[in-house]
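Here are my notes for someone opening this structure for the first time. Have a look at the model, then read the points in order.

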Amino acid sequence: MKKNIANIITGVRIAGSILLVFTPAFSALFYAVYLICGLSDMADGAIARKTNSAGSFGARFDTIADLLFAAMTLAKLLAYLPVPGWLRIWIAVIALIKAANIGSGLIRSKSLVSVHSAMNKVTGGLLFLFPLTLGSIGLKYSAVIVCSIATASAIQEGYFIGTGRALVMGQERRGTNET
């Protein structure tokens, strides 16, 4: 059981991500589920390292959970926020770069590749804070900051995959491979 706790926590993030779709946006329940998902993302890697249970399955499971959490949150927010066209296009471009990175990683390594670079972690942190700060920071201002860093991060990720630096990283577990 102790060896599986990190993967159970990752599974909680997957279940919570799906639950987000069925909760009213910006409600207390939405924020509670959102925070549980975010905290599970912070905890699973640390617990995997502490219990010495880090492995390739957990790394892939964590990446899938991260993608699902991001996609479900984005889908929920885009449905309720007045997102201007230019921002929708920018988000789509970032998504295309990330999809190309996933495809490139699959072609190169025949498996999912995950880059846990400092830039990706900063992007993840900013994306996590984004819904929590919408009441105090305007959408346009927050979005420009987050999208600028996310774009740079996605380009850097593509570079790491293209140069083969991500192949080793993809074999490690949850944040143990700072770049």
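**Notes on the salt bridges, core and surface**

1. Let's begin with the charged pairs: the count comes to 5 salt bridges, taking a salt bridge as a side-chain nitrogen of Lys or Arg within 4 Å of a carboxyl oxygen of Asp or Glu. Bear in mind that this is a predicted model, where local features need pLDDT of at least 70, side-chain atom pairs count only at pLDDT 80 or more, and totals for chains, interfaces and linings use all residues. Residues are numbered from 1 along each chain as its sequence is written, and side-chain values use heavy atoms, with hydrogens and water left out.

2. Which residues are linked in a network of salt bridges? They are Arg-13, Asp-41, Asp-44, Asp-62 and Asp-66. As background, side chains of opposite charge can pair when their charged atoms come close.

3. Take Arg-13 and Asp-44 to start with: their side chains meet in a salt bridge at 3.1 Å, N to O. Arg-13 sits in helix α1 (residues 5-21) and Asp-44 in helix α2, so this pair ties together parts that are 31 residues apart in sequence. Helices here are DSSP runs (H or I, at least four residues), with strands (E) needing at least two, and the numbering goes from the N terminus.

4. Next comes Asp-62, which forms a salt bridge with Arg-13, the closest N and O atoms being 2.5 Å apart. That one links distant parts of the chain, with Asp-62 in helix α3 (residues 56-80) and Arg-13 in helix α1, 49 residues apart.

5. Arg-13 also forms a salt bridge with Asp-66, and here the closest N and O atoms are 3.0 Å apart. Again the pair links distant parts of the chain: Arg-13 is in helix α1 and Asp-66 in helix α3, 53 residues apart.

6. Arg-13 is buried at 0%, Asp-44 is buried at 1%, and Asp-62 is buried at 2%. Asp-66, at 23%, is partly exposed.

7. Now the nonpolar side. The largest nonpolar core has 20 residues, and those with the most contacts inside it are Leu-20, Phe-69, Leu-81, Leu-87, Phe-130 and Leu-139. A core here is a set of buried Ala, Val, Leu, Ile, Met, Phe, Trp, Tyr and Cys residues joined through side-chain atoms within 4.5 Å. Two or more residues each come from α2, α3, α4 (85-109), α5 and α6 (139-162), and α6 gives the most, with 5 residues.

8. Leaving aside its neighbours within four places in sequence, Phe-130 is in contact (heavy atoms within 4.5 Å) with Leu-77, Leu-81, Leu-139, Ser-142, Ala-143 and Val-146.

9. What about cysteines? Cys-37 is buried at 0% relative accessibility, and Cys-147 is buried at 7%. The disulfide count comes to 0, a disulfide being a pair of cysteine sulfur atoms within 2.5 Å.

10. Met-42 lies in helix α2 and is exposed, with a relative accessible area of 53%.

Definitions and conventions. Buried means under 20% relative accessible area, exposed over 50%, partly exposed in between (1.4 Å probe, protein chains only).
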